[in-house]
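Dear colleague,

Please find below the structure that I am handing over to you, together with its sequence. My notes on what was found in it follow directly after.

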Protein chains: 2
Amino acid sequence: MIKVAINAYGTIGRRVADAIKLQKDMELLGIVKRTPDYMAQVAMQRGINIYASDQQTKVKLQQAGLKVEGTLDELLQLADIVVDASPEKGEENKPMYEKAGKKVVFQGGEEHSIAGTSFVAQCNYDEAIGKKYVRVVSCNTTALCRVLKTVDDAAGIEQAIATLVRRATDPNDPKKGPIDSVVPDPVQLPSHHAEDVKTVLHNINLTTMAVKVPTTHMHLHALAIKLREPDAEKVVEGFDKAPRIVLLESREGYSSTSGIMDFARELGRPRGDLYEVAVWKDSIRVSNGWLYLFMAIHQEAIVVPENVDCIRAMLGTVDSKTSIEMTNRSLALIK
Amino acid sequence: MIKVAINAYGTIGRRVADAIKLQKDMELLGIVKRTPDYMAQVAMQRGINIYASDQQTKVKLQQAGLKVEGTLDELLQLADIVVDASPEKGEENKPMYEKAGKKVVFQGGEEHSIAGTSFVAQCNYDEAIGKKYVRVVSCNTTALCRVLKTVDDAAGIEQAIATLVRRATDPNDPKKGPIDSVVPDPVQLPSHHAEDVKTVLHNINLTTMAVKVPTTHMHLHALAIKLREPDAEKVVEGFDKAPRIVLLESREGYSSTSGIMDFARELGRPRGDLYEVAVWKDSIRVSNGWLYLFMAIHQEAIVVPENVDCIRAMLGTVDSKTSIEMTNRSLALIK
């Protein structure tokens, strides 16, 4: 059994925690909290071991009625590997992990340099094998990697241009904007997303442009891809076979990002999560050598299976195909 | 004096009416109303002649306290030209105009076939000279035509790909969605906008993709353009010289579509309108032969100067350069 600790229990941490609990080869030792919020309360009710980030926090959590098993330092001693799900505090936390001598999965909010290896399971699992530090890339990058790798394998990519229409904030963070506004983010082109994809797909010719819009659910990408073999059927076949990509047709009710999120709730998944990249099948069009398509990404959930696979790769327990299948089965992924 | 009638007084009609009043060579005979709403009340207070769409409506408007000069039929007899600013009712109205033997400017909500000639002043003014029916194209198409024509003249366009992030509804129509959702519109690619641009720029190699987002102000376009002469300076020079395109830099506070709208209000223009296409200067980037940029379009206002110029072209009174300069001066356009 791989003993897993999760540092921070927010948007990503709580989802990865649940996924870890579903793996037969893993044990969730506990999660680390800094504040006694509803997430901590629900975790306690569900029997998840809670650790405090330090002694002072331990007192604060206990005063709020939480059962606290110990501190982060104590949790680290017990673990084989840590998932750092902190809000971009990986660099700050890293010396502590180094001192404890533990392997760490970092998240996509960190720079590539924090680990030197960036990871998307179906693209470059083998690069993470045996590594001490690996970074699971961000939601947008994960989606682009899955889809571009699949298209490249199926029909060869000469060049790709992606426009990212990003959700402004997550449902649990209403402080951020914009409201009634579209924000080029960044204005200066290209956006960093293309460079981030290259940390996984090293030779892809990709340019990205990104804007933020007033939504809380899903990013939408509009892709234009120059193909070596401009054949829409090959692309559709590729998507059909690839893991973690689901083809949806608008006539079945998938007419918007919120419609797709409602579909995920209908599936009965925890928190209504969609781990797959949703590609609109009826948007797929090849014209004059270029492929065009729309896809949507549930920003809170897409990296959950990647975190699970990343742990197995770093521990070197099973190969890529086996791990992806184990994870997919445990999370009931489509196909 | 060119005697102008405006049929319908909504988002476009009221703006064109005010612009007509500012032209030294035009006379606004009156506008046509169907409902006694606040737009009609304000028009009356401002001394604009109100006509009713028919006898029955005349009674309804009068009962609401409006001063009504007559009916649409009577107005048509007095006019040299009609601006049909109806909400996509041009086809329905056309037989009436034909019967009256009047020239008509239609709007971009209609099909190209309604007129056979589509119009953007700085692109194809001469095509409209002497014509009986001309269609001013939609806000998105007008913006794309202005910018693509300018880029083509400056650096030569081999291919262009545009992603349109469209505002969901106008501020005075809260019935439409989406809320907290991004809607590919249409899902099936490409969108019709590229074909519409070709009614003005006949030989452009353009593909468009469009989504709707929960905003009420401005469309935002992300453009990728393969250039014959990949030179960012030539493009910037082109924009600097072109009419009705304004270059804005994010460091001056133009960080979003709502920021640009606030700038337009600061200019003191009627209704806070921005007639120019706003191109983010610091988004302009040329890389590997491709030009990338962001631009924003005030959907309620951009076609106003086009309607004014279209009238002069159809009456054949002055040439393109003269008309554009007259219109720009009257509306206090930037540069």
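**The interface between the chains**

Chain B and chain A bury about 3400 Å² between them, and 67% of this area is on carbon and sulfur atoms. Please bear in mind that the model is a predicted one. The contact joins 40 residues of chain B to 40 residues of chain A. Salt bridges between chain B and chain A number 0, whereas 15 residue pairs across this interface are in polar contact.

Which elements of chain B supply at least two residues each to the side that touches chain A? They are strand E9 (157–167), strand E10 (183–184), strand E11 (206–213), strand E12 (219–227), helix H10 (257–266) and strand E16 (290–297) of chain B. Of the elements on this side of chain B, E11(B) gives the most, with 5 residues.

**The two domains of chain A**

Chain A is divided into domain 1, made up of 2–137 + 303–331, and domain 2, which covers 139–297. To their contact, domain 1 of chain A gives 28 residues and domain 2 of chain A gives 22 residues. The C-alpha centres of the two domains of chain A lie 26 Å apart.

Between them, domain 1 and domain 2 of chain A bury about 1900 Å², with 49% of it on carbon and sulfur atoms. There are 6 salt bridges between these domains of chain A, and 10 residue pairs are in polar contact across their interface. On the side of domain 1 of chain A that touches domain 2, the elements giving two or more residues are helix H1 (13–21), helix H2 (38–45), strand E7 (118–119), helix H6 (121–124), helix H11 (304–315) and helix H12 (320–331) of chain A.

A salt bridge is also found between the side chains of A:Arg135 and A:Asp196, at 2.5 Å from N to O.

**Helix H3 of chain A**

Helix H3 of chain A spans residues 55–63, and A:Thr57, A:Lys58 and A:Leu61 are buried in it. These residues lie on the same side of H3(A), because they cover an arc of only 105° around the axis. Strand E2 (26–33), strand E3 (50–52) and strand E4 (70–71) of chain A are among what covers them. The exposed residues A:Gln56 and A:Gln63 are carried on the face of H3(A) turned away from its buried side.

At the start of H3(A), a side-chain oxygen of A:Asp54 comes to within 3.3 Å of the backbone nitrogen of A:Gln56.

With kind regards

Note on methods
Residues numbered from 1 in each chain as written. Chains lettered and ligands numbered in written order. Predicted model: local features only at pLDDT ≥ 70, side-chain atom pairs only at ≥ 80, totals over all residues. Heavy atoms only, no water. Buried < 20%, exposed > 50% of the residue type's maximum accessible area, 1.4 Å probe, protein only. Helix = DSSP H or I, 4+ residues; strand = E, 2+ residues; numbered from the N terminus. Arc of directions from axis to C-beta. Contact = heavy atoms within 4.5 Å. Polar contact = N/O pair within 3.5 Å; in protein donor to acceptor, adjacent residues only side chain to side chain. Domains from an automatic or database assignment. Buried area = accessible area lost by both parts, 1.4 Å probe. Salt bridge = Lys/Arg side-chain N within 4 Å of Asp/Glu carboxyl O.
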